[in-house]
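Good morning, everyone, and thank you for making time.

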Amino acid sequence: MGSEMCIRDRGWHHGRIRAMRTGRAREILTELTPDLLARFGAAPDADVAFNAFAEFLAGLPSGVQIFSLFEANRGLLDFLARVLCRSPYLATHISEHPHVLDAVLTDEFMAPPGDKESLREDLSFDLGDAIDFQDVLDGARRWLSEIRLRLSVQTLETRLAPVTATGILSDAADVVAERMLLGVQAEFEAVHGVIEGGAYGVLAYGKWGSRELTIGSDLDLVAIYEAPEGAESDGARSLAPAVYYMRLTQRLITALTAQTGEGRLFEVDMRLRPTGDDGPIATHIDALARYLTEDAWTWELMALTRARFTAGDPALAERFVTVRAEVMAKPRERAAHLSEVASMRSRIESAKGAGGPWDVKLRQGGMVDAEFIGQGLALLYGGDPSIQAARAPAEMYAALNALGGMDDDRAAVLSDAASFWLSCQWVMRLLGPIGSEEADPADDRLKAEMAAVLGYDDVSAMEFARDTLAAAVSAAYLEIYSGANV
């Protein structure tokens, strides 16, 4: 290892990467080299650790600031030696957002970020010095980058359960969406005014709606509004409601997705809005209600079970709650409904395949099967307030159990399975290659890391749990959807 490290080190000193192009950066590196080699050389797999650090260094836009930070805080080298070799995601994240290392030095870094109100207060404090909306955009990106780092490291070092981390990240997404909407509305209203009697809001669908966002998740977003017939905005550049709220939505999407010098917040997916990509990007609440009542496909109604209002006008939020409750409570003929859900699941399998043992989403007994059980049955019991309040699979199973729609043992094992698959998804995105959705069955090191992070004694114990839970989900799915309970 020593010769390879020295060769790389010599290359760095010759300024062959961006971070080393200034004399000051090379000077600091010279001072750091003995400490750097000692600390990374002491890592459990020194070659992997050093190579990860080399990739990290190659991704930095400049080196002086971060090397100065290392010089003043040598413990950061220990931190990087621990995490870079284990997580390609973290190596990329830190190299793209080197400012997040400042957070590592704070007392609260290894403490959970807190509930939504705490997150809201933290973001507000961080944005307190913002002069204009561009400062808000950059500040929100820095804040969320630090949240992602904290959650990733805490789960990697088993300080925080992955399922808990997904809830915190989802709350952070809510808080960011609220703040982006406030800023966008203020700028938009300065030009176009307001619509008297109008209201606007954002719905969270998918994993965002069920508070299960993982690393790399996008936001499934649907925009809704309400406005009196014939109304127009009262600004210098007046607009009719449909155009007004469409343009407001476009501004919001840009605020969430734009790449600034501090990165981007989230990718946004709007395909779950009524009529999908062919529909308007902002939908009147009355049109949404009509569509869901009269024209929505079963899969859209299943998606509705996870939807929630996340930012915007409180009165419009109440209207959406009412619309959603009425749609979910609509009587459904059991046999026909279950048949349609099963048919839809079969079409997904025909199009995408069943996946291998570690395809947590598509494999038999995996995440999709577990979600279809909860969402499909929830629509049969949708008139009950406990079902309407449930979003995540475990919440649905508990509500169904209380209503007699699922026995105790099944609700418990399905809840365990949903938690296992979600935890696996978080950990695989943290430990696996960037963009990976499943573990490589041949990668023993990755599987050993997964087992450790998930709390299993070894890979065999983890794979036994995986297969046992998948079998339980498959058995429940077959019993429900093969006609036994129809």
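Let me start with the second largest cavity, whose lining has, by class, five nonpolar, no polar and three charged residues; here Ala, Val, Leu, Ile, Met, Phe, Trp, Tyr, Cys and Pro count as nonpolar, Asp, Glu, Lys and Arg as charged, and the others, Gly among them, as polar. This is a predicted model, in which local features need pLDDT of at least 70 and side-chain atom pairs count only at pLDDT 80 or more, while totals for chains, interfaces and linings use all residues. Residues are numbered from 1 along each chain as its sequence is written, and side-chain values use heavy atoms, with hydrogens and water left out.

Which residues line this second largest cavity? They are Lys 207, Glu 212, Met 367, Ala 370, Glu 371, Pro 393, Ala 418 and Leu 422, where a cavity is a set of points on a 1 Å grid over the protein atoms alone at which a 1.4 Å probe fits but cannot get out, and a lining residue has an atom within 4 Å of a point. Helix 17 (367-378) gives the largest share of that lining, three residues, and helix 20 (408-431) also supplies at least two; helices are DSSP runs (H or I, at least four residues), numbered from the N terminus.

Turning to the largest cavity, its lining includes Tyr 205, Arg 273, Trp 299 and Glu 300. The elements that give two or more residues to this lining are helix 13 (285-295) and helix 14 (298-304), and the lining residues divide into eight nonpolar, no polar and two charged.

Note on methods:
On a 1 Å grid over the protein atoms alone, a cavity is a set of points where a 1.4 Å probe fits but cannot get out, and a pocket is an open set with protein on both sides within 12 Å along at least five of seven lines; lining residues have an atom within 4 Å of a point.
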